[in-house]
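Dear colleague,

Please find below the sequence and the structure that I am handing over to you. A short account of what was found follows directly after them.

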Amino acid sequence: MILIHNARIVNEERISHGSVLVDGDSIADIFEGGVPQGVLDSADVVEADGAFLLPGVIDTHVHFRDPGFPDKADFSTESRAAVAGGVTSVLDMPNTKPLTITVQAWEDKMAMAAEKSYCNYGFYIGATNTNLEELKSADYTKICGVKLFLGSSTGGMLVDNQSLVERIFREVPALITVHAEDESIIRANSEHYKKLYGDEVPIECHPQVRSTEACYRASAFAVEMAKKCGARLHVAHVSTERELTLFNNKPASEKRITAETCPHYLYFCDLDYKRLGARIKCNPAIKALSDKKGLLGALSTNKIDTIATDHAPHLLSDKQGWLFNAASGMPSIQYSLVAMAELAEKGYVTMDKLVRMMCHNPAIIYGIKNRGFIRKGFKADLTILTRSKKTVVKPQYVLSKCGWSPYEEMEFSHSVELTMINGRVAYNAGAFHGQVAEPLEFKG
């Protein structure tokens, strides 16, 4: 048995002083205040020294690029980065090579992750214009949900047949997570800027090409379709203040339509393109300062349900050139928790609300069994977050294979001291302790 002793436990809307007893792969007991002497004598004690103890972070939106892009990333390198950042479970997107658009491709990825992953894992199956029957027959107690691209992005999985989109919403018995950008608007904007600049469209034009209107129109369409068909919908990477009007303030457990945003939309805006260029080029685009402020303000409401990274590594060599040449996406999973904790430090969000968005709500929305909370009988996925040592982001510390971070030279007031996965210490004070990951299970 392992006792995590003398922690500030952040769980289920409160912060309490206490200790957590782990037996095998599960949480055996939770003590507020003192711990029985018999437990202290019999357990291996991990002293938290008053640091925060959180449920392990569940990142429901990652691109680990495996299989198909071994130069950019693989499941081993990116899951190590996740664990070092306090992330204990990830849901990986289907735009790999080959695309995860069949159950067989999903099974192949599961077998790959079983060998490589340092954190718990689940995989989406992707929608295309031709695989509706495959989506309908999939087992959603094992597959986390369907990813539907309503705008083109990395991987070429755009679904642009509106009647088919309606059938997916109506007939597929799963949570549908959408990439919401209106393709017709993007194409028209692209042609406009190509006429202005030729082949040399500046990176700074990215938020005008992938505009607020493109995001709002597609998100509004997805919300309307979900309501019409009675589907469960999760809108990924909300990047604009205007989209927030589409969502309500109810708790996630009472919603069928939910929303995600990402740390980079909370840290950067269009003013940063001049300094960072394509390092912050992603889809949807990082937009105006007013959008950043609006999303920061929404953290104190229930309109944003989850914080996920959209972790999407590319080599810096792929990020060179003009707007339509430079790759979209950035690595971020290693620093997502400390970056969000910094926003809590600055008063944009409370720590208990942060845990709700990064741990509780992902488990609720995706129906992940026995994870996301510090509860007796739940899997012991736990993270110790401390203020005893700051996190300074430098390239030599980046564990993602691509070797860079958009947060370079930033300093965060917290650091991840320990990550426990399935009752075993997976990471402690900078050292990894083996692979202890499991596939995630879902309520379907």
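**Surroundings of Asn 11**

Leaving aside residues up to four places away in sequence, Asn 11 is in contact with Pro 55, His 360, Phe 373 and Ile 374. Please bear in mind that the model is predicted. Asn 11 itself lies in strand S1, which covers residues 2-11. Its relative accessibility is 11%, and because the cut-off for a buried residue is under 20%, Asn 11 counts as buried.

**The protein as a whole**

The secondary structure comprises 13 helices and 20 strands. For 444 residues the globule rule gives a radius of gyration of 22 Å, and the value for this protein, 21 Å, is close to that, so the protein is as compact as a globular protein of that length. The C-alpha trace extends over about 75 × 45 × 40 Å along its principal axes.

As regards burial, 62% of the 444 residues count as buried. The accessible surface amounts to about 16300 Å², and carbon and sulfur atoms contribute 48% of that area.

Turning to contacts, the pairs considered are those between residues at least 6 apart in sequence; of these, 75% link residues at least 24 apart.

With kind regards

Conventions
Residues are numbered from 1 along each chain as its sequence is written. This is a predicted model: local features need pLDDT of at least 70, side-chain atom pairs count only at pLDDT 80 or more; totals for chains, interfaces and linings use all residues. Side-chain values use heavy atoms; hydrogens and water are left out. Helices (H or I, at least four residues) and strands (E, at least two) are DSSP runs, numbered from the N terminus. The radius of gyration is taken over C-alpha atoms; the globule rule is 2.2 Å times the number of residues to the power 0.38. Buried means under 20% relative accessible area, exposed over 50%, partly exposed in between (1.4 Å probe, protein chains only). Contact means heavy atoms within 4.5 Å. Accessible areas come from the Shrake-Rupley method with a 1.4 Å probe; for residues, only the protein chains shown count as cover.
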